[in-house]
Amino acid sequence: MAELVGLVQRLEVAVGRLEAMSSSGGGGGSAAGSGAVAVYVEAFDNLISGPVAQYAALSQKIGGDVQKHAEMMKQAFSCQRQLLATASSSQKPSDPVLTSLMAPVSKVIQEVQAFREKNRSSPLFNHLSAVSESVPALGWVAMAPKPGPYVKEMQDAAMFYTNRVLKDFKEKDKTHVEWVHAYVSIWNELQAYIKQHHTTGLSWSKTGPVASASGAAPKGGAPAPPPPGPPPPMDFDKPSGGDSGPVNRNALFASINKGQDVTKGLKHVSDNEKTHKNPALKAKVGPVPSGPKPFTARPTATASPARTLPPVLELDGKKWKVENQEGAHGLVISDTELKQVVYAFKCNNSTLNVKGKINSITLDNCKKLGLVFDDVVGIVEVINCKDLKIQVMGKVPTISINKTDGCHVYLSKDSLSCEIVSAKSSEMNVLVPNKDGEFTEIPVPEQFKTVWDGSKLVTTATEIAG
């Protein structure tokens with residue numbers, strides 16, 4: 001079945017080439033105008049018919065959310081191919097037009113990422129996350145002068161999740177392992193493609209017409225009208241509005257030039273006409289404000305309150321879901337089994353106590369959360385969190401901290417052999433118990449030194465002398 005889907009993908013690419021050749025057969029000296037497909041467009045077609053088609057075929061074999069995600073990715077590569085075809089036959093346009101040409105790709109990228117956010121409870125969430133974290137690599141067309149390294153950076157962002165897929169399915173289903181290899185090969189091939197054809201940025205035609213916002217170069221006809229010129233210079237001698245011309249203006253300047261005599265025409269105000277010297281007049285006129293009128297906010301339309309999702313604490317199959325908890329300091333999960341996992345999402349200023357022995361715990365996008373647990377046989381993961389405190393009462397083999405600022409880990413005597421893996425995180429501290437029951441706080445290194453020893457790179461943690 002996968003081979004048949006791959007064949008269909010290659011046929012679709014071939015049909016697209018024929019349509020491009022037939023629609024561009026009239027006139028012009030560019031590759032597209034002569035009926036031929038540009039070399040780098042053809043190379044991109046090979047990427048689509050190769051690793052992209054293989055990834056789509058394996059995604060269809062897995063099915064579910066992964067297949068839906070793959071359909072979006074196919075659309076994204078199709079939109080990028082259209083942009084490359086335009087660039088191959090057109091000169092680079094202005095920035096506003098260039099932005100509109102890239103809009104279809106940007107829209108699909110946003111849809112891919114939104115699909116992942118809407119399906120956080122999916123059993124294939126790691127697959128969706130791997131794609132969502134790396135799909136911005138398709139924005140390389142806007143990256144100059146180093147689009148290749150940008151793709152590599154986006155690919156590395158997905159490595160955490162692709163490794164999770166490999167770990168979860170290496171002994172269960174080889175299809176998912178092949179899926180990871182196929183997906184990673186897309187970005188490897190794209191980097192090689194960029195290095196060969198677009199080393200310093202998207203290559204535009206040097207001889208074709210300037211690309212238009214519609215995505216295609218104009219084909220003859222009257223040129224577009226020039227932009228309107230600057231407004232005519234203002235004529236200060238021409239009367240306008242209530243001004244009666246230079247006569248009144250000259251009278252004004254003559255009055256100003258009188259110097260001290262300019263006040264001779266002013267009327268003298270006697271004391272009985274002054275409110276601060278005439279109480280009767282002041283009572284008649286009313287109180288005079290002594291300063292500027294205090295500011296009063298104008299009534300405005302009431303802004304719609306931010307949408308708050310209801311808190312969740314439930315067992316869904318084998319997953320304990322703890323979501324949207326705010327200020328909940330008595331959360332307890334006690335009826336646990338070895339095959340169950342705990343997933344905490346967007347829990348703020350709360351505490352969670354997990355009793356018994358379970359498979360794994362994941363904290364995602366949580367702030368000021370306290371976690372206490374007995375035993376975990378797999379891994380405790382912390383992703384996109386801030387200001388956490390984690391206390392191990394029993395044993396845990398691995399704690400992973402990724403994209404987190406502020407994390408204190410309290411180990412027990414039975415968990416001193418725990419491995420702590422961190423990436424893109426800061427303010428991490430491990431507290432180790434002493435014989436007297438107190439804890440010794442040890443910071444996790446955040447600065448490293450890498451040197452070449454003649455055969456390989458050697459990285460060691462460094463300490464800043466304070």
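Mentor: Take contacts in the protein chain (heavy atoms within 4.5 Å) between residues at least 6 apart in sequence: 37% of them join residues at least 24 apart. The model is predicted, so local features need pLDDT of at least 70 and side-chain atom pairs 80 or more, while totals for chains, interfaces and linings use all residues. Numbering starts from 1 along each chain as its sequence is written, and side-chain values use heavy atoms, without hydrogens and water.

The chain has ten helices and 16 strands; these are DSSP runs, helices H or I of at least four residues and strands E of at least two, numbered from the N terminus. Of its 466 residues, 38% count as buried, meaning under 20% relative accessible area with a 1.4 Å probe, protein chains only (exposed is over 50%, partly exposed in between).

Start with H3 (residues 64-89) and H4 (residues 95-118). Their axes come within 8 Å and cross at roughly 170°. Axes are lines fitted to C-alpha atoms, for helices over the stretch in contact, with angles from 0 to 180 degrees between N-to-C directions. That makes H3 roughly antiparallel to H4 (over 145 degrees). The contact includes Met-72, Met-73 and Leu-83 of H3, and Val-105, Val-108 and Phe-115 of H4. Its residues divide into twelve nonpolar, three polar and four charged. Asp, Glu, Lys and Arg count as charged; Ala, Val, Leu, Ile, Met, Phe, Trp, Tyr, Cys and Pro as nonpolar; the others, Gly among them, as polar.

Now the largest nonpolar core, with 52 residues. Such a core is a set of buried Ala, Val, Leu, Ile, Met, Phe, Trp, Tyr and Cys residues joined through side-chain atoms within 4.5 Å. Met-73 and Phe-77 are among the members that touch the most others. H2 (39-62), H3, H4, H5 (125-134), H6 (147-157), H7 (159-169) and H8 (174-197) each give two or more residues to this core. Not counting residues up to four places away in sequence, Phe-77 touches Phe-44, Leu-47, Ile-48, Val-52, Leu-138, Ile-186 and Trp-187.

Next, H5. Ten of its ten residues are buried, so H5 is largely enclosed by the rest of the structure. Among them are Phe-125, His-127 and Glu-133. They pack against H2, H3, H4, H6, H7 and H8.

Finish with H7. Its buried residues are Phe-160, Tyr-161, Thr-162, Arg-164, Val-165 and Phe-169. They pack against H4, H5, H6 and H8, and also against strands S8 (379-383) and S10 (398-402).

Conventions. Angles under 35 degrees count as roughly parallel, over 145 as roughly antiparallel, 65 to 115 as roughly perpendicular and the rest as oblique.
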